[in-house]
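This briefing goes through the surface, the salt bridges and the nonpolar core of one model, in that order.

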Amino acid sequence: MATGTQSLNALLQRTTIDDHEEILKACNASLKQSKKESNVLHTKAVALLKLDRYEDALRALEDGGEAVKSGASLERSYALYKNGQLSEANDVAKGILDDRGARH
């Protein structure tokens with residue numbers, strides 16, 4: 001049986017880059033099989049951000065625990081910012097200043 005990440009990868013290969021609703025549906029289907037799949041939760045959070053669903057993105061990141069939150073600090077900071085939680089967004093952003101990806 002395929003893992004959640006493998007199933008998600010197979011579904012994502014059939015979608016377009018701009019089809020965030022489809023990506024979200026694929027993530028939700030994958031999470032039914034494995035609720036704590038960190039790659040799937042991260043992908044779900046990004047899709048929710050693209051759909052301007054900032055509170056839902058924060059919830060998805062929280063569901064993944066510390067591993068997902070620390071691996072998606074940029075996304076978390078952005079969602080907090082867009083959700084009006086500026087102080088918390090700033091604190092998270094300060095923690096990623098040394099991250100190579102955040103400098104780009």
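Y81 is part of helix α6, which covers residues 73-82; helices here are DSSP runs of H or I with at least four residues, numbered from the N terminus. The model is a predicted one, in which local features need pLDDT of at least 70 and side-chain atom pairs count only at pLDDT 80 or more, while totals for chains, interfaces and linings use all residues. Residues are numbered from 1 along each chain as its sequence is written, and side-chain values use heavy atoms, with hydrogens and water left out.

**Surface patch**

- Together with Y78 and L86, Y81 forms a nonpolar patch on the surface, and the three have about 340 Å² of accessible area together.
- Such a patch joins nonpolar side chains (Val, Leu, Ile, Met, Phe, Trp, Tyr) within 5 Å, taken from residues with over 30% relative accessible area and no salt bridge, and the areas come from the Shrake-Rupley method with a 1.4 Å probe, with only the protein chains shown counting as cover for residues.

**Salt bridges**

- A search of the whole structure gives 6 salt bridges, each defined as a side-chain nitrogen of Lys or Arg within 4 Å of a carboxyl oxygen of Asp or Glu.
- R53 counts as partly exposed at 33% relative accessibility, as does D56 at 24%; buried means under 20% relative accessible area, exposed means over 50%, and partly exposed lies in between (1.4 Å probe, protein chains only).
- E62 and K69 form a salt bridge at 3.4 Å, N to O, in which E62 is partly exposed at 43% relative accessibility, whereas K69 is buried at 13%.
- R76 and E88 form a salt bridge at 3.7 Å, N to O, and this pair links distant parts of the chain, with R76 in helix α6 and E88 in helix α7 (residues 86-94), 12 residues apart.
- Within that pair, R76 counts as buried at 16% relative accessibility, while E88 is partly exposed at 37%.

**Nonpolar core**

- The largest nonpolar core holds 21 residues, of which L48, L49, A57, L61, A79 and L80 touch the most other members; a core is a set of buried Ala, Val, Leu, Ile, Met, Phe, Trp, Tyr and Cys residues joined through side-chain atoms within 4.5 Å.
- Helices α2 (20-33), α3 (38-50), α4 (54-63), α6 and α7 each supply at least two residues of this core, and α3 gives the most, with 6 residues.
- Leaving aside neighbours within four places in sequence, L48 is in contact (heavy atoms within 4.5 Å) with L24, R53, D56, A57 and A60.

Terms used
Patches are made of residues with over 30% relative accessible area and no salt bridge: like charges are joined within 9 Å, nonpolar side chains (Val, Leu, Ile, Met, Phe, Trp, Tyr) within 5 Å.
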